[in-house]
Amino acid sequence: MIVLLGLAARRERLRSAVWILVVVMLGAGLVSYIDGYFPTQETLRVYARVISGNPILLGLGGPVAEPSVGAMAAWRSGGLLFLLTAWMALTIVIRHTRAEEESGRQELMLSGVIGRAAPLTAALVTAAVAALVAGALTSGVLVSIGMETAGSLAYGAAITAAGWVFAAIGAVTSQLAQTARTATTLGLLALGVSYVLRYLGDASGATWLTWISPLGWSHLVRAYAADRWWPLIVSLVATGVLLALAYALSARRDLGAGLLPVRPGPAAGPYLRGPFSLAWRLQRGLLAKWAAGVTAAAALFAGLSGVAPRLAEQPGRVLDAFLHRYGGPSGDPVDAYLWIIVLLLAYTVALYPVLATLRLHHEESSGHAEALLATAVSRLRWAAAHLAVAALGTLALLALGGFVTGLIYSLVMGDPAVGRVLSAALEHVPAAWLVGAFAAFAVGVLPRVSVAFSWTVWGAVTVVGDLAGPLIGLWGWSRVEPFHYTPNTVSGEPFTVVPATVILALTALLVTTALIRLRNRDLACG
């Protein structure tokens, strides 16, 4: 067990450190944001009244019990810290259980003097410690910058509890699914449903919806206001029940098998005519899931566009800063809201080319690429096919998001906007391609760390970008990420060709370097 824990800690030392750092920075940055934009008790009181009178804002972080910096910062996070910690713990458990089992490494370890339950226990302990460190460091940093000790401890405990619950959920999905991909999909589905239930519960006042959401239990703590610790008992009980279920399922299944039936694929592939059709077949499921998610998100946020005119009711300093950052030449709160939706879609869709490009790494590490390349298919054709699917999929997702946003906005507000929103979304394609090009560069040049490198690039671009950066005090850092240079054409800013050309040139350089290196190096080697 000690050996397994040491191995897990060694493998997680970089990944988990990045997750934890993001959680802690967001926790401290949101306090700095609230303290800077609401310097007086009166501005806090006005902002709290605006939130309380708007169901959309209530759904983001729940009701604001009192107009204090701590309570407002906890609300402003919108549960993001809970969500991130839960996601981290979920993936840690799946990575060290089902992924290890799928690769065959766990069978090799179990041939020694290691018990059947030891890998699951080591994964759970690793995830639990990571969540505990995230919560404890967040509490410590908040106390050090002058926040109330009781509220900070309650906030940190709520963060840790969210991680523990979803670590246990990851343990269960690892027993149900036969592949790490399916286990992760099931776990993220549970995370998404939990967030939606919590959002609807807080937005509508139907608290029973919040109570049936694992993320809702952390929200019910109401840090810096009520400081209720007892909802965390529900989190602990649910964690215990899920862990008992995971161990029971683990003892009743064969190693390498899942409890859910696996649907066999077709006996023949008449449409597989070459590398591109194969890449499309491998990636179409991922693209379909992303298309559904982008459509739902765009429709949801565009459907809430009626709240944009209420931005004029915000405290003056907040409105001025908001319009200065997102309003563009028009200075219209509605245009600013549309631009935020476009930015949100752009930063999110930029993850798709990363995931699609990393399919190359999966094909290489699993041995599938070696079998394919033993035929007449060259490495360049194989890699170029996957990169083409990733590039075209990115273009399609941004076009879909822009079209749905413009269409729903036009229906809600009665103001035709499909053309300008669609064009604004498409203008972000070069920046999204550049993020994917870094993933291609990692696969070709740095295959051993390609997954961590690619996720780090996307995470860094998102964190320092025009949406998240200002919230955590990273003023000015957005100049190092490509989306910053896309003009706000929604609000009337003119489109310029030079930034897009430079970004496309960098993309071509990275992809070319990746393909040259991939053609010359050994498979599965750096």
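Tutor: Buried means under 20% relative accessible area, exposed over 50%, and partly exposed in between, with a 1.4 Å probe and protein chains only. The model is predicted, so local features need pLDDT of at least 70 and side-chain atom pairs pLDDT 80 or more, whereas totals for chains, interfaces and linings use all residues. Residues are numbered from 1 along each chain as its sequence is written, and side-chain values use heavy atoms, without hydrogens or water.

Student: How many helices and strands does the secondary structure of the chain come to?

Tutor: Helices (H or I, at least four residues) and strands (E, at least two) are DSSP runs numbered from the N terminus. Of the 526 residues of the chain, 49% count as buried. The secondary structure comes to 24 helices and zero strands.

Student: Are Glu101 and Arg98 buried or exposed?

Tutor: Glu101 and Arg98 form a salt bridge, with their closest N and O atoms 3.7 Å apart; the term requires a side-chain nitrogen of Lys or Arg within 4 Å of a carboxyl oxygen of Asp or Glu. Because they are three residues apart in helix α7 (residues 98–103), about one helical turn separates them. As to accessibility, both Glu101 and Arg98 are buried.

Student: What N to O distance is found in the salt bridge of Glu363 and Arg359?

Tutor: Glu363 and Arg359 are four residues apart in helix α18 (residues 351–366), so about one helical turn lies between them. Both residues are buried. Their side chains meet in a salt bridge with an N to O distance of 3.2 Å.

Student: Which residues are linked with Arg222 in a network of salt bridges?

Tutor: Arg222 pairs with Asp202, the closest N and O atoms being 3.5 Å apart. This pair links distant parts of the chain, 20 residues apart: Arg222 is in the loop between α13 and α14, and Asp202 is in helix α11 (residues 180–204). Arg222 counts as buried because its relative accessibility is 15%, and Asp202 is buried at 7%. The residues linked with Arg222 in the network are Arg198 and Asp202.

Student: How far apart in space are Pro275 and Ala384, C-alpha to C-alpha?

Tutor: Pro275 lies in helix α15 (residues 275–303) and counts as buried because its relative accessibility is 12%. Not counting residues up to four places away in sequence, Pro275 touches Val377, Arg381, Trp382 and Ala385, contact meaning heavy atoms within 4.5 Å. Although Pro275 and Ala384 are 109 residues apart in sequence, their C-alpha separation in space is 8.6 Å.

Student: Which helix is the place of Ser410?

Tutor: At 16% relative accessibility, Ser410 counts as buried. Leaving aside neighbours within four places in sequence, Ser410 is in contact with Asp415, Pro416, Ala417 and Val418. The place of Ser410, within residues 379–413, is helix α20.
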